[in-house]
Amino acid sequence: MTASTLYVCTTCRSSTDGATVDPTRAGARLLSAVQGVADDYPVSRIVGVECLSNCSRGCTIAVGAPGKWTYVIGNLDAEQHAPDVLAFARQHSAHETGVTVWRDRPEHIRKNTIARVPPMNLPESS
């Protein structure tokens, strides 16, 4: 099995960014929250990245691996969804193609998947 990488957009904003005293962007808070609970949901790598270009859908992550489908998930909240994000990343890592059973995914992940991108080495159909 190819281990998956969890990418967390650190530049995402939430609707409350700017309205709070904390100047840290919501995406950076999500990355911190994910790293804070990572020991309970081990994945191979957690990487903070700048802008996944999903700004209208709140905090965003992507989960991918060589030879596997990549998922982009939005509308995430640092205070609520870090365990869901890591649980999905573990499911993705454990599956040969990264295509996990839909009903087994955390509910927020099921309802907020933005895109599923095929692996770069997917054979072309004739």
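Reader: Contacts first. Of those between residues at least 6 apart in sequence, what share joins residues at least 24 apart?
Author: That share is 67% in this protein. Keep in mind that the model is predicted.

Reader: Okay. How many helices and strands are there?
Author: Three helices and five strands. Reading from the N terminus, the order is β-α-β-β-β-α-α-β.

Reader: And how do the strands line up in the sheet?
Author: The sheet is open, with the order β2-β1-β3-β4-β5. Its pairing is mixed.

Reader: Which strands sit at the edges?
Author: β2 and β5, the latter covering 113–117. Each of them pairs on one side only. From one strand to the next, the twist averages 20 degrees.

Reader: Take β4 and β5. Parallel or antiparallel?
Author: Antiparallel, over four bridges. β4 spans residues 70–76. As for a bridge between residues, Tyr71 has Arg116 in β5 as its partner.

Reader: What does helix α1 touch on the sheet?
Author: Helix α1, residues 26–37, packs against β1, β2, β3 and β4. Its direction makes about 145 degrees with that of β1.

Reader: And α2? Which strands does that helix lie across?
Author: β1, β2, β3 and β4. Helix α2 covers residues 78–94 and runs at about 170 degrees to β4.

Reader: Let's go inside. How many residues are in the largest nonpolar core?
Author: It has 23 residues. Those with the most contacts inside it are Leu6, Leu30, Val34, Ile61, Ile73 and Leu76.

Reader: Which elements give two or more residues to it?
Author: β1, α1, β3, β4 and α2 do. The largest share comes from α2, with six residues.

Reader: Pick Ile61. What does it touch, leaving out residues up to four places away in sequence?
Author: Ile61 touches Leu6, Tyr7, Val8, Leu30, Leu52, Tyr71, Val72, Ile73, Leu76 and Val85. Leu6, Leu30, Ile73 and Leu76 in that list are also among the residues with the most contacts inside the core.

Reader: Stepping back, what percentage of the protein is buried?
Author: Buried residues are 38% of the 126. The protein exposes about 7,200 Å². Carbon and sulfur atoms supply 50% of that area.

Reader: New topic. Where is Glu50?
Author: In the loop between β2 (45–49) and β3 (59–64).

Reader: Why does Glu50 count as exposed?
Author: Because its relative accessible area is 67%, and exposed means over 50%.

Reader: Which residues does Glu50 touch, beyond those up to four places away in sequence?
Author: Cys9, Thr10 and Thr11. Glu50 and Cys9 are 41 residues apart in sequence, yet their C-alpha atoms are 5.5 Å apart in space.

Reader: How many salt bridges does a search of the whole structure find?
Author: One. Lys111 forms a salt bridge with Glu107, and the closest N and O atoms are 2.8 Å apart.

Reader: Where do Lys111 and Glu107 lie?
Author: Both are in helix α3, residues 107–111. They are four residues apart, about one turn of the helix.

Reader: Why is Lys111 called exposed, and what about Glu107?
Author: Lys111 counts as exposed because its relative accessibility is 59%, and the cut-off is over 50%. Glu107 has a relative accessible area of 45%, so it is partly exposed.

Technical notes: Residues numbered from 1 in each chain as written. Predicted model: local features only at pLDDT ≥ 70, side-chain atom pairs only at ≥ 80, totals over all residues. Heavy atoms only, no water. Buried < 20%, exposed > 50% of the residue type's maximum accessible area, 1.4 Å probe, protein only. Contact = heavy atoms within 4.5 Å. Areas by Shrake-Rupley, 256 points an atom, 1.4 Å probe, with all protein chains shown as cover. Pairing = 2+ DSSP bridges. Axes fitted to C-alpha atoms, helices over the stretch in contact; angles between N-to-C directions. Salt bridge = Lys/Arg side-chain N within 4 Å of Asp/Glu carboxyl O. Core = buried A, V, L, I, M, F, W, Y, C linked by side-chain atoms within 4.5 Å.
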